Structure formats: structure tokens, C-alpha cells
Amino acid sequence: LPVGERLARRIIDGNRKGLDDDVEQALGDGMKALDIVNDHLLEGMKVVGELFGKGEMQLPFVLQSAEVMKTAVALLEPHMERVEGESGSKGTIVLATVRGDVHDIGKNLVDIILTNNGYTVVNIGIKQPISAMIEAAEEHDADVIGMSGLLVKSTVVMKENLEELSSRGLAKRWPILLGGAALTRTYVEDDLAGMFDGTVRYARDAFEGLRLMEPLVK
Ligand code: B1M
């Protein structure tokens, strides 16, 4: 198999043995680190999601795939392009996976991409209640709060989080960036934006998150 397909296979099979060599070969062949993530590793993860959804893959194997994904991203991270030279940070975002949700591969990719592009990311982890996000945003004088969540349940939690920000009088304090596979643009930009006094935006992927940061930080 070509190395890209081999990498996708490793994610699907949860097979870490020889992963380093394949990553090295892909980079040696001139593939860009981010393209390896987007074109091959995420393709593998998509298949894992489909198999799991159809009941053709059991959870422990999904977990193994996630571990291989994380290792591969860690190997690639030092090779990702960074914006250098500018003095200081372009802005600060508190990033969290919402209460009740453990999925963090997407959140951590957002972290890497924003960090590499000059933002300060305060990544407070998974299963975070809104109170923890508020605390971190106050402590770090954040410009934006970013929430990730992959479960359908998490889309409801995000709505509750916005309601809590409103009820605490904090709706206008931080613009909110939302991402994760269970969200849709309409849900965020029509339904949630319609009920929230502040700014709430949807990012389909980490790159849209990056593009949205500049107008949100302003
Ligand atoms: Co879970 N899981 N999982 N899982 N898992 C999903 C999400 C699911 C769709 C699988 C399926 O059924 N086909 C399904 C949810 C169904 C639903 O809610 N309707 C599901 C389920 C059911 C579950 C459990 C409930 C299973 C169980 O226990 N019976 C359980 C939940 C536990 C919990 O959270 N309380 C569970 C557990 C797990 C593992 C632990 C095994 C593992 C996670 C490991 C980890 O993250 N450390 C796992 C995995 C790996 C998946 C799938 C297969 C892959 C997710 C992933 O990492 N994708 C997933 C299938 C799927 O998503 N279709 C699935 C790659 C990642 C890069 O994508 O996170 O979407 P994603 O991020 C994208 C964008 O969404 C965006 O940028 C990224 C790309 O650039 N983005 C943002 C994300 N956050 C953003 C924030 C931003 C901006 C952009 O700004 C703030």
C-alpha cells in the first residue's frame, strides 16, 4: 500500500507498530504534516466512526484507534508549519470539551493549529463544566471561549452553557466558538445565536476555527 493508505489503515486497525517509520517515510516523501493528518489519519478515523456506528467495531478497538491517532499527531506536530516572527500573542482562547464528553482529538488539533498560528491556547481538557471555562477565561484574561463536543448530548450542553453565561450576565464578555461533529451550522448560527445575547460562531474544522479567531478577538 502507498504510505498514506498505510497510515489510514494503522488508525483503522489500531496498529501502532511501525507507525514511526511510516510517518517518517511520508514526511520524507515530501508530504506536509497537516496534509498527512487531514488526508490520511482523519480518513482512517472516519472509517472507525462508521464501523463503530454500524456496530461492526467494538469500543475498546475505537479507543486503540484513538491512541494511534494521538501518537501519530504527536509525531507530526514538530513538523507542522508555524507562523514565526510576530511579537507576542494574537489573542487568547480557553478551549475545553464540554461536560460529559471525553472526545478530545479534535479539540487538541484545534489547540495545535491555533498555537502554531500565534494564539495563546489555554486547553483545560475534557468534561469541563461552564464554571471551569469561565474561571479559566477570567484568570487568563481570554478573548474567546471555545467549546468542543462530539456527542449529540453535547449540543444540548452547549446550549445550557450559553444560557448560563446569559444568566450570569456574561453573555457579552467573551465571544464563543463552537465545534464538533454533532453540531450543524444552522443549529449554532440560527438556533443558538437566536437565543444568545452575545456572539456565537460555528467552526466546521480547525481551519475555520483559525479563520474565525481574528474577527472574534479584534
Ligand atoms: Co466516541 N462517539 N464515544 N469515542 N467517537 C462518536 C462521536 C460517535 C459519532 C461514533 C458513532 O456512533 N458513529 C458517537 C456519538 C453518537 C451521538 O452522540 N449521537 C460516539 C459515542 C456514542 C461514544 C460513546 C458514548 C460510546 C460508549 O461509551 N458507548 C463514548 C462517549 C464517552 C463520553 O464522551 N462520555 C465514546 C467514546 C469514545 C472513545 C473514548 C473510544 C474515543 C475518543 C478518544 C478521545 O477523543 N480521546 C471515541 C472516538 C475516537 C470516536 C470517533 C470514532 C472519532 C472521533 C474523532 O476523534 N474524530 C467518533 C466518530 C465521529 O466523530 N464520526 C465517535 C477525529 C476528530 C479530529 O474529529 O473531533 O470531529 P472531531 O474534530 C473536528 C471538527 O469537529 C472540528 O475540528 C476537527 C477537525 O479539524 N472541531 C472543532 C472539533 N472541536 C472543535 C472546536 C472548535 C473548532 C473546531 O472550536 C472551539
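A residue is taken to be near a molecule if one of its heavy atoms lies within 4 Å of it. In this predicted model, local features need pLDDT of at least 70 and side-chain atom pairs count only at pLDDT 80 or more, while totals for chains, interfaces and linings use all residues. Residues are numbered from 1 along each chain as its sequence is written, and side-chain values use heavy atoms, with hydrogens and water left out.

The ligand is surrounded by 34 residues, the closest being Val102, His103, Asp104, Ser148 and Val152. This shell comprises 20 nonpolar, nine polar and five charged residues. At least two shell residues come from each of helix H3 (33-53), helix H4 (59-76), helix H5 (105-116), strand E3 (144-148) and strand E4 (176-179).

His103 is located in the loop between strand E1 (92-98) and H5. Its NE2 atom is the single protein donor to the cobalt atom of the ligand, at 2.2 Å; donors are N, O and S atoms within 2.8 Å of the metal (3.2 Å for Na, K and Ca). A nitrogen atom of the ligand also lies 2.8 Å from an N or O atom in the side chain of His103. Oxygen atoms of the ligand are placed 2.8 Å from a polar backbone atom of Val102 and 3.0 Å from a polar backbone atom of Ala206.

A pocket is an open set of points on a 1 Å grid over the protein atoms alone, where a 1.4 Å probe fits and protein lies on both sides within 12 Å along at least five of seven lines; lining residues have an atom within 4 Å of a point. The space in the largest pocket is about 1,500 Å³. Its lining consists of 44 residues, with Met45, Ile105, Gly106, Leu150 and Ala181 nearest the centre. H3 contributes the largest share of this lining, eleven residues.

Note on methods. A polar contact is a pair of N or O atoms within 3.5 Å; within protein, one must be able to donate a hydrogen and the other to accept it, and residues adjacent in sequence count only if both atoms are side-chain atoms. Helices (H or I, at least four residues) and strands (E, at least two) are DSSP runs, numbered from the N terminus. Ala, Val, Leu, Ile, Met, Phe, Trp, Tyr, Cys and Pro count as nonpolar, Asp, Glu, Lys and Arg as charged, and the others, Gly among them, as polar. Grid points are joined across faces, edges and corners, and a volume is the space filled by probe spheres set on the points.
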